[in-house]
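Hi,

Here is the structure I promised to pass on. Have a look at it first, and then read my notes below.

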Amino acid sequence: MKKTVTTILIGLLACACTKDIEYRGSDSGPILVANSMNRAGDTAYLRLTRSTFFLEPRTAAAAVTDADVSMTIDGVSRRLTYDSETMRYADVRTLQPGSVVSISASHPEYGSITATDTVPQQIEWSVDTFYRPFAMNGVSIDTIYYQGLDVGSIDSVCVFDLSLLKGESSNRYFQLEFDPYSTVVMWNGITTDTIHLPLSYRLPTGTMIAVEMLDTANSFIDMMDLIPVVCTGAHSFTFTDRQLSDTTHFEFEILRESLDSLFNMPTVRAEFSVRYSVRSMSLATYTYQKSVRKFMNQSGIMSEPITLWTNIQGSGTGILGTYVERRDSMSLARY
């Protein structure tokens, strides 16, 4: 019996021992990673890095500066050299709507890659503003108060109307970035204070368009049916021609509160404005950004793995994308 107990104790002690073993990672070597998101009207470029193992220090140098890189625009190919200031391979040519862009890169250690994309055509659209009385139109009181907007303080409603002209193709991909805000000057009895406030707004019933808070990498989402929802501050909307239904108009009701009701100090001057940009994306850009959103939205170590979409061919990954963009802003007169 004593022999049996001794044997068990020795076994337990052996199981309790640990040994640190250095993990050397995968046997496969690094590959090329391309990042080339080009806007019409700008010069083309390519950022090139190598893939890194997840246990490598974040400070590990990953930029590939000695690759053989060339870019072809509308059939004309040129070799690109690395620019240490911008940390990318830069082309001197300016991209135009409809241009066909191709990249190729090779490195003796990391392999070779190629990719092609076509710059979308110019966007045809216009913006107008007008006013109409405020009405609830199905928006619940709880929704409005949840957004921090007091219904009783709304003094005017300005309608921001984006009109998109339908093209012959029904496969266009768009993104609208929309940021209504106010600049308020108040008198405190001694000096004036200037503050900037985001404005609340809502979408009309039946709008077939996606909505999400703006983020550095998280602006593109799938389409959903929206009830009239109140939003505040900068948002991004993503949609396609197929989601325009029978109308090309998107009306955003900007709900402006009476500023004197928000502060103890009287309002000296208030200026209402909206910043906006409309972007027409290639299918590659649209699909890649949607996969980035899914990756950014995954939560927890138990989440399902997300594969970022790529149009890079060969022994590498990344994106060659193109888009056309127009940015503008406008002042909104007080109602």
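Predicted model: local features only at pLDDT ≥ 70, side-chain atom pairs only at ≥ 80, totals over all residues.

You'll find Leu308 in the loop between helix 3 (283-297) and strand 19 (313-314). Helices (H or I, at least four residues) and strands (E, at least two) are DSSP runs, numbered from the N terminus. Together with Phe295, Met296 and Ile306, Leu308 makes a nonpolar surface patch of about 320 Å². Patches take residues with over 30% relative accessible area and no salt bridge, joining like charges within 9 Å and nonpolar side chains (Val, Leu, Ile, Met, Phe, Trp, Tyr) within 5 Å.

Residues are numbered from 1 along each chain as its sequence is written, and side-chain values use heavy atoms, leaving out hydrogens and water.

Now the overall picture. The protein has three helices and 20 strands, and 40% of its 335 residues count as buried. The accessible surface is about 18900 Å², with 53% of that belonging to carbon and sulfur atoms (Shrake-Rupley method, 1.4 Å probe; for residues, only the protein chains shown count as cover).

Strand 1 (residues 32-39) and strand 2 (residues 43-50) pair in the antiparallel sense over four bridges; two strands pair if DSSP finds at least two bridges between them. Val33 stands opposite Thr49 in strand 2. The two strands form a hairpin with three residues between them, and Gly41 in the turn has a positive phi of about 95 degrees. Strand 2 also pairs with strand 6 (residues 88-94), again antiparallel, over three bridges, and there Thr43 stands opposite Thr94.

What about the inside? The largest nonpolar core has 24 residues, of which Leu48, Val69 and Ile103 touch the most other members. Such a core is a set of buried Ala, Val, Leu, Ile, Met, Phe, Trp, Tyr and Cys residues joined through side-chain atoms within 4.5 Å. Another core, of 23 residues, lies apart from it and includes Trp125, Leu164, Tyr201 and Val274.

Finally, the charges. The structure holds eight salt bridges, each a side-chain nitrogen of Lys or Arg within 4 Å of a carboxyl oxygen of Asp or Glu. In one of them, Arg39 meets Glu325, with the closest N and O atoms 2.9 Å apart. That pair links distant parts of the chain, since Arg39 is in strand 1 and Glu325 in strand 20, 286 residues apart. Arg39 is partly exposed because its relative accessibility is 29%, whereas Glu325 is buried because its relative accessible area is 13%. Both belong to a network of salt bridges that also links Asp42, Glu177, Arg279 and Arg327.

Which residue does Asp179 meet in a salt bridge? The partner is Arg275, at 2.7 Å from N to O. Asp179 sits in strand 11 (residues 173-187) and Arg275 in strand 18 (residues 267-281), 96 residues apart.

Cheers

Methods: Buried < 20%, exposed > 50% of the residue type's maximum accessible area, 1.4 Å probe, protein only.
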